[in-house]
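Here are some notes for a colleague who is coming to this structure for the first time. They are set out as numbered points, to be read beside the sequence and the coordinates.

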Amino acid sequence: MKRLLTVLALSMLAGAASADELRIGTSADYPPWESVDAGGNIIGFDKDVGDEICKRIAATCNWQNQAYDGLLPGLQVGKFDLVISGVSINDERSQKVDFSVAYADAPNAIVTAPGSDAASAKSAADLAKALGKAAIGVQSGSTHEQVIRAHFPDADVRVYDRPDQIADDLVAGRIDAGLMERSAWEPLIKERGADKLAYAGPLLTSADFPEFGKGQGVAMGKGKTELKTKVDGAVDAMLKDGTVKTIAEKWFGYDISKK
């Protein structure tokens, strides 16, 4: 009996050692997508999605917190195996890294101080015209930065490390507007007050600006065919069985899963 237990224990250890060990890069400063709680733990929509992917592909995943603009470069040099951080799939990024099928598709929004001329904008073109030479805050390395630089040619682009810095500078009057996902704005507006921050114009998607891409996906190194197949399979299954929808409703209060 003792010999049998020893054999079983060794077998279990061998199985554990053979499981994939994956390093996941994220920028935990973008609630409710990802953030750090009071205990120093990474939490959020992407964290739950990533943990479920790891479970379904039988991988041991270790999360690493990194500034957003260093995520894809880090992936390219082998610092991470996956990046899960609300990364939008677009042509420019797809030339450098591979993406899973999209798991989410989040709308974006411009926010200004209440009473801005941009508040009544009916289209993306109206927004660009109304903001003119305005100072617009965006997160470094984001699709939002790409959109402002490409389609708001007269704007004074201000680049920040974290979304809360954009909100604080907007409240303080150091910038005129900010662009990020609607879901990221919601907690910032709630904390600072709707009397200080207000949505301007329509929600913005890839139909307005192609830089927003094709939804949010899991990024991985070029040519990782086996890993991509596993992750695609997990994401497809999670979309079909409603797991991503359930996780989204937990963190956002509504569904942002890719349709």
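**Notes on helix packing and backbone geometry**

1. Helix 2 passes helix 9 with a right-handed crossing. The model is a predicted one, and in it the axes of helix 2 and helix 9 (residues 225-240) come within 9 Å, crossing at roughly 115°. On the side of helix 2 the residues that take part are V49, E52, I53 and R56, and they meet V231, A234, V235, A237 and M238 of helix 9. By class, the residues of this contact between helix 2 and helix 9 comprise seven nonpolar and two charged, with no polar ones.

2. Helix 2 also packs against helix 10 (residues 243-251), here at an angle of about 155° and with the axes 9 Å apart. Because angles over 145 degrees count as roughly antiparallel, helix 2 is described as roughly antiparallel to helix 10. The crossing of helix 2 and helix 10 is right-handed. F45, D48, V49, E52 and R56 of helix 2 make this contact with T243, V244, I247, A248, K250 and W251 of helix 10, and the residues of the contact divide into six nonpolar, one polar and four charged.

3. Which residues of helix 10 are buried? They are T243, V244, I247 and A248, and because they cover an arc of only 135° around the axis, they lie on the same side of helix 10. The elements covering these buried residues of helix 10 include helix 2 and helix 9. Just after helix 10, the backbone at G253 takes a positive phi of about 90°.

4. A58 has a positive phi of about 55°, although it is not a glycine. Is A58 buried or exposed? Its relative accessibility is 55%, so A58 counts as exposed.

5. A second pair of helices to examine is helix 7 (residues 163-172) and helix 8 (residues 182-192), which pack at an angle of about 40° with their axes 10 Å apart. That angle makes helix 7 oblique to helix 8, and the crossing of helix 7 and helix 8 is right-handed. The contact brings P163, D164, I166, A167, D168, L170 and V171 of helix 7 together with W185, L188 and R192 of helix 8; its residues divide into seven nonpolar and three charged, with no polar ones.

6. Where do the buried residues of helix 7 lie around its axis? P163, I166, A167, D169 and L170 are the buried residues of helix 7, and they cover an arc of only 165° around the axis, which puts them on the same side of helix 7. What covers them includes helix 8 together with strand 7 (108-112), strand 8 (135-139), strand 9 (156-160) and strand 10 (177-181). Just after helix 7, G173 takes a positive phi of about 85°.

7. One further point of backbone geometry concerns the peptide bond from P31 to P32, which is cis, with omega near 5°. P32 is found in the loop between strand 1 (20-26) and strand 2 (35-36).

Key
Residues are numbered from 1 along each chain as its sequence is written. This is a predicted model: local features need pLDDT of at least 70, side-chain atom pairs count only at pLDDT 80 or more; totals for chains, interfaces and linings use all residues. Side-chain values use heavy atoms; hydrogens and water are left out. Axes are lines fitted to C-alpha atoms, for helices over the stretch in contact, and angles run from 0 to 180 degrees between N-to-C directions. Helices (H or I, at least four residues) and strands (E, at least two) are DSSP runs, numbered from the N terminus. Angles under 35 degrees count as roughly parallel, over 145 as roughly antiparallel, 65 to 115 as roughly perpendicular and the rest as oblique. A crossing is left-handed if the near helix is turned anticlockwise from the far one by less than a right angle, and right-handed if clockwise. Contact means heavy atoms within 4.5 Å. Ala, Val, Leu, Ile, Met, Phe, Trp, Tyr, Cys and Pro count as nonpolar, Asp, Glu, Lys and Arg as charged, and the others, Gly among them, as polar. Buried means under 20% relative accessible area, exposed over 50%, partly exposed in between (1.4 Å probe, protein chains only). The arc is that of the directions from the helix axis to the C-beta atoms.
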